[in-house]
Amino acid sequence: MIKCENYLRYFKNYSDKFFQEVDLDSQYRVKLKIEHTLKVVKLMRTLAKEAGLTGEDYEIAKVIALFHDFGRFNQLKLYGHFNDRLSLNHAEESVSEMKRLNILDIAGSEYVTEDKKELIYNAILYHNKDHAEFEKIKDKRLKMFAGLIRDCDKIDIYRSVAKYYGDQSPEDFFRAMQLQKSFDVSEEVYDKIMNLEALKRDDIITLGDDIIWDFYWVISDMNFPESLKLLKEKGYFEEMFNKFVASGKFKYEGDAKELYDFIYEEFCKRVENGTL
Ligand SMILES: [Fe+2]
C-alpha cells in the first residue's frame with residue numbers, strides 16, 4: 001500500500017537540499033513553497049477524511065498534495081520566479097520531475113501500479129487547469145482527487161496571500177503578472193461574476209480583475225461544501241480581504257465593492273446551507 005510518510009521523507013530531503021543550494025533571495029521563496037506544501041497536505045488530511053476517503057485512497061490523496069507543486073523548485077532554479085505565464089506550467093513540471101526521478105517507485109516501500117501513478121500524475125496536472133477544463137473530466141475517481149487538491153490548494157492560497165501579499169512591491173507584481181496597472185474591473189469580468197459564469201485566465205486583464213478573481217474562486221471553483229466550511233472557520237478569506245484593503249491594493253468601492261459584497265454574501269450563504 002502507498003504510504004504518504006515514506007514520500008514525506010523524500011520531499012523533506014529534496015527540499016532541504018534545494019534550500020541549501022540557492023541564494024538568500026531564493027531561500028525565502030523556497031521556504032514559502034515548502035510551507036505551502038505542508039499546509040496543503042494538512043488540509044488534505046482533513047478534507048479527504050470528510051470526503052470519506054480511507055485506506056490507500058486517503059494515502060494517495062496526501063501524496064498528490066505533497067507533490068502537487070514539486071515543479072516549483074525547478075521553476076525557481078530555471079527562471080527565478082513562480083510565474084507560469086512567463087516560464088512553464090509548474091504542474092507539468094511537477095509530473096515530469098517526478099517521472100525523471102522516478103519518485104513514486106524509489107521513495108515508497110512498495111510497488112506502485114501504473115494506474116495509481118497515472119491517477120496521481122493526472123490529479124497533479126489538473127490542479128493547475130482552468131475550472132472549465134476540470135469540469136470536462138469524465139473519470140469519476142480522477143475528478144474526486146483533482147477536486148480535492150484544487151480545493152486544498154486554494155484554501156491555502158487564501159492563507160498565503162493574506163500572509164504575504166504586501167511583502168512584494170506593487171511594481172514587481174505588475175511586471176511579473178503583465179497585467180494592466182489598473183484597479184478597475186473589466187466589464188466582461190464584472191458581467192461574468194454577476195451571472196455566476198466561469199472565468200478563464202485570458203479574461204483577466206487588469207490587476208483589479210486578478211484580485212476579484214481570487215475572491216471569486218470561493219463560489220466558482222470549489223468542489224466540496226466542507227472546503228467552504230473549512231475556509232470560513234480558518235478566516236483566511238476575511239484576512240485576505242483586510243490585507244488587500246489595508247495595503248491599498250484593493251479599492252473597496254464602485255464595481256469592485258459590488259462584486260466583493262456579492263461574492264462574500266454568496267460564500268456565507270453557502271457555508272450556512274452546507275452547499276456549493
Ligand atoms: Fe500549484
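Reader: Which residues of helix H4 are buried?

Author: In this predicted model, the buried residues of H4, which spans residues 71-79, are Gly71, Arg72, Phe73 and Gln75. A residue is called buried if 20 or more other C-beta atoms lie within 10 Å of its own.

Reader: What covers the buried residues of H4?

Author: The cover includes helix H1 (4-21), helix H2 (24-50) and helix H5 (90-100). H4 itself is followed by Gly80, whose phi is positive, near 80°.

Reader: What makes the phi of Asn102 worth a remark?

Author: Most residues other than glycine have a negative phi. Asn102 is not a glycine, yet its phi is positive, near 55°. Asn102 is found in the loop between H5 and helix H6 (103-106).

Reader: Where is Leu196 found, and why does Leu196 count as exposed?

Author: Leu196 is found in the loop between helix H11 (187-194) and helix H12 (207-220). Leu196 has 12 C-beta neighbours inside 10 Å. Exposed means 12 or fewer, so Leu196 counts as exposed. Leu196 is not a glycine, but its phi is positive, about 55°.

Reader: How do you know that H2 is roughly antiparallel to helix H3?

Author: The axes of H2 and H3 (residues 55-67) cross at roughly 155° and come within 8 Å. Angles over 145 degrees count as roughly antiparallel, and therefore H2 is roughly antiparallel to H3. The crossing of H2 past H3 is right-handed.

Reader: Which residues make the contact of H2 with H3?

Author: H2 contributes Thr37, Val40, Val41, Met44, Arg45 and Ala48. From H3 come Tyr58, Ala61, Lys62, Ala65 and Leu66. Sorted by class, this contact has 8 nonpolar, 1 polar and 2 charged residues.

Reader: Why is helix H13 called roughly perpendicular to helix H15?

Author: H13 (residues 225-234) and H15 (residues 254-273) pack at an angle of about 110°, and their axes are 9 Å apart. The range for roughly perpendicular is 65 to 115 degrees, so H13 is roughly perpendicular to H15. H13 passes H15 in a left-handed crossing.

Reader: Which residues of H13 and H15 make the contact?

Author: On H13 they are Leu228, Lys229 and Lys232, and on H15 they are Phe267, Arg270 and Val271. The contact of H13 with H15 divides into 3 nonpolar, no polar and 3 charged residues.

Reader: Which domains does the assignment give for the protein chain?

Author: The domain assignment gives domain 1 (4-155) and domain 2 (168-273). Taken over C-alpha atoms, the centres of domain 1 and domain 2 are separated by 25 Å.

Reader: How many residues does the contact take from domain 1 and from domain 2?

Author: The contact takes 15 residues from domain 1 and 17 residues from domain 2.

Reader: Which elements give two or more residues to the side of domain 1 that touches domain 2?

Author: They are H2, helix H8 (131-135) and helix H9 (140-164). H9 gives the most to that side, with 5 residues. By class, the side of domain 1 that touches domain 2 has 4 nonpolar, 5 polar and 6 charged residues.

Key:
Residues are numbered from 1 along each chain as its sequence is written. This is a predicted model: local features need pLDDT of at least 70, side-chain atom pairs count only at pLDDT 80 or more; totals for chains, interfaces and linings use all residues. Helices (H or I, at least four residues) and strands (E, at least two) are DSSP runs, numbered from the N terminus. Two residues are in contact if their C-beta atoms, placed from the backbone, lie within 7 Å. Axes are lines fitted to C-alpha atoms, for helices over the stretch in contact, and angles run from 0 to 180 degrees between N-to-C directions. Angles under 35 degrees count as roughly parallel, over 145 as roughly antiparallel, 65 to 115 as roughly perpendicular and the rest as oblique. A crossing is left-handed if the near helix is turned anticlockwise from the far one by less than a right angle, and right-handed if clockwise. Ala, Val, Leu, Ile, Met, Phe, Trp, Tyr, Cys and Pro count as nonpolar, Asp, Glu, Lys and Arg as charged, and the others, Gly among them, as polar. Domain bounds come from an automatic or database domain assignment.
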